[in-house]
Amino acid sequence: MTLAPDAAAPATAGERSDGDALRIALLTYRGKPHCGGQGVYVRHLSKALVDLGHRVEVFSGQPYPELDGRVPLWQLPSLDIFNDHFPGRRPAFWEIKTAADRLEVWATRLGVFSEPLAFSVRAWQELRRRADDFDLVHDNQSLGYGILALRRAGLPIIATIHHPITVDRRLEMAQAKTRQERFGKKRWYSFTRMQTRVARRLPRVLTVSESSLLDICRDHRVAPDRIAVVPVGVDPDVFRPRPEVLRRDALLVTTASADVAMKGMAYLLEALAQLRSSGRKAELTIIGRPRADSPTLERIQLMGLSDAVRFVSDLSEAEIVNLYAEAAVAVVPSLYEGFSLPAIEAMSCAVPLVTTTGGALPEVVGPDGETALLVPPGDAASLAGALQRVLDDPELGRRLGQGGRRRVLDNWSWRHTAERTVEQYRILLAGTGRRSAR
């Protein structure tokens, strides 16, 4: 385990915070800083908890999150088999040093996504020695067997499940074209059985929407009275309108993985092709990086969209805000979302939003025609029609952008997320006797 450079000093063994302050170990098996909800969630929640006076230490595998300077980052390095630059690499024998390393390699060779399990074991190996340093452990959706081991070691455990990965598994399986591909996806997602077993044994679970709550009850078979909905937030002072930036009247922007069926990229590309065939010179910027063998790249070429689509990655928040300021429309084409940070970030920037009704999106973005235009998931023609409406009607776009910004200001902030999370911490602790819940 490595303490990241320039991080704040961690709590000393046995030290207790004064008053109502809690000492929290926040775990995330990966924490990509700017693309992907886990790193964003950990960065902003940890900062907001510290702002409330609590003490937070983050334990993460690669890629590591960017954190507030008051929050120590303890690096629990994996073998980084699924890194962005060389996914699926084979670690050299001298890299394999621990039981967790061997477990990671073994599971990967069986075709299973190994990071959540291996990370949970590394977290258990570290935190069992520091059980007196923390009042509770907050797991951010690793749901590995090591989390149950921490509970047996006496640490109160709470977990955030943004949405059950079983949903991803179903959608990926449905889109598999061959029996071999279907078998490969079934094997890759077999780790979700572990996550179900772990989730069912946790005393308290947080999720981000009522839609996700229902999915967790159905797929992980967690009793609803052990789940609390705590929506995530956005910093409206960072994600804000930039009226001084000139909008490009044909630019579409989306934040979505090009290689995950659940994100609906195929339907957005088809909608873009329809717009262009009707004479609209629309362009699409995708915040994300495709794999080298991505079927999306092949699809872009086959549809004649190579000059109309570009990918950008590793953007700072300021660069993302600037991109939204240039956009005529932000798009969330997902077949399913447990919440959707990109949706509320775009709304907070007052860019008009077109989205689907997949999963929690209607719950998040609000009424159709007031804060966004909503279309059925997996319907490229409806998506193209909604995009055309916004592109052809600047006044409609202005109203949607203003309505979206108001909805964010009225409903979501990271401070609100942190306050509601602390309420759940105290409910957890009240049932353990480890610390009185004031």
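Guide: In this predicted model, a residue is called buried under 20% relative accessible area, exposed over 50%, and partly exposed in between.

Visitor: Is Arg-193 buried, exposed or partly exposed?

Guide: Arg-193 lies in helix 7. Its relative accessibility is 48%. Buried means under 20% and exposed means over 50%, so with 48% Arg-193 counts as partly exposed.

Visitor: Which element gives the largest share of the positive patch?

Guide: Arg-182, Lys-186, Arg-193, Arg-197, Arg-200, Arg-201 and Arg-221 gather on the surface in a patch of positive charge. Two elements, helix 6 (179-188) and helix 7 (191-200), each give two or more residues to this patch. The largest share is three residues, and the element that gives them is helix 7.

Visitor: Is Arg-89 buried or exposed?

Guide: Arg-89 sits in the loop between strand 4 (73-75) and helix 2 (99-109). Beyond its neighbours within four places in sequence, Arg-89 is in contact with Leu-79, Asp-80, Ile-81, Asn-83 and Glu-95. The relative accessible area of Arg-89 is 19%. The limit is under 20%, so Arg-89 is buried.

Visitor: What separates the C-alpha atoms of Arg-89 and Leu-79?

Guide: Leu-79 is among the contacts of Arg-89. The two residues are ten residues apart along the chain, and their C-alpha atoms are separated by 9.3 Å.

Visitor: Where does Gln-38 lie?

Guide: Gln-38 has 18% relative accessibility and therefore counts as buried. Not counting residues up to four places away in sequence, Gln-38 touches Thr-28, Tyr-29, Arg-30 and Asn-140. The element that holds Gln-38 is helix 1 (residues 37-51).

Visitor: Which residues is Ser-313 in contact with, leaving aside its neighbours within four places in sequence?

Guide: Ser-313 is found in the loop between strand 11 (309-312) and helix 11 (317-326). Its relative accessible area is 30%, so Ser-313 is partly exposed. With neighbours within four places in sequence left aside, Ser-313 is in contact with Gly-288 and Arg-289.

Visitor: How many residues apart along the chain are Ser-313 and Pro-290?

Guide: The C-alpha atoms of Ser-313 and Pro-290 are separated by 9.6 Å.

Note on methods: Residues are numbered from 1 along each chain as its sequence is written. This is a predicted model: local features need pLDDT of at least 70, side-chain atom pairs count only at pLDDT 80 or more; totals for chains, interfaces and linings use all residues. Side-chain values use heavy atoms; hydrogens and water are left out. Patches are made of residues with over 30% relative accessible area and no salt bridge: like charges are joined within 9 Å, nonpolar side chains (Val, Leu, Ile, Met, Phe, Trp, Tyr) within 5 Å. Accessible areas come from the Shrake-Rupley method with a 1.4 Å probe; for residues, only the protein chains shown count as cover. A salt bridge is a side-chain nitrogen of Lys or Arg within 4 Å of a carboxyl oxygen of Asp or Glu. Lys and Arg count as positive and Asp and Glu as negative; His and the chain ends are not counted. The place of a charge is taken as NZ of Lys, CZ of Arg, CG of Asp or CD of Glu. Helices (H or I, at least four residues) and strands (E, at least two) are DSSP runs, numbered from the N terminus. Buried means under 20% relative accessible area, exposed over 50%, partly exposed in between (1.4 Å probe, protein chains only). Contact means heavy atoms within 4.5 Å.
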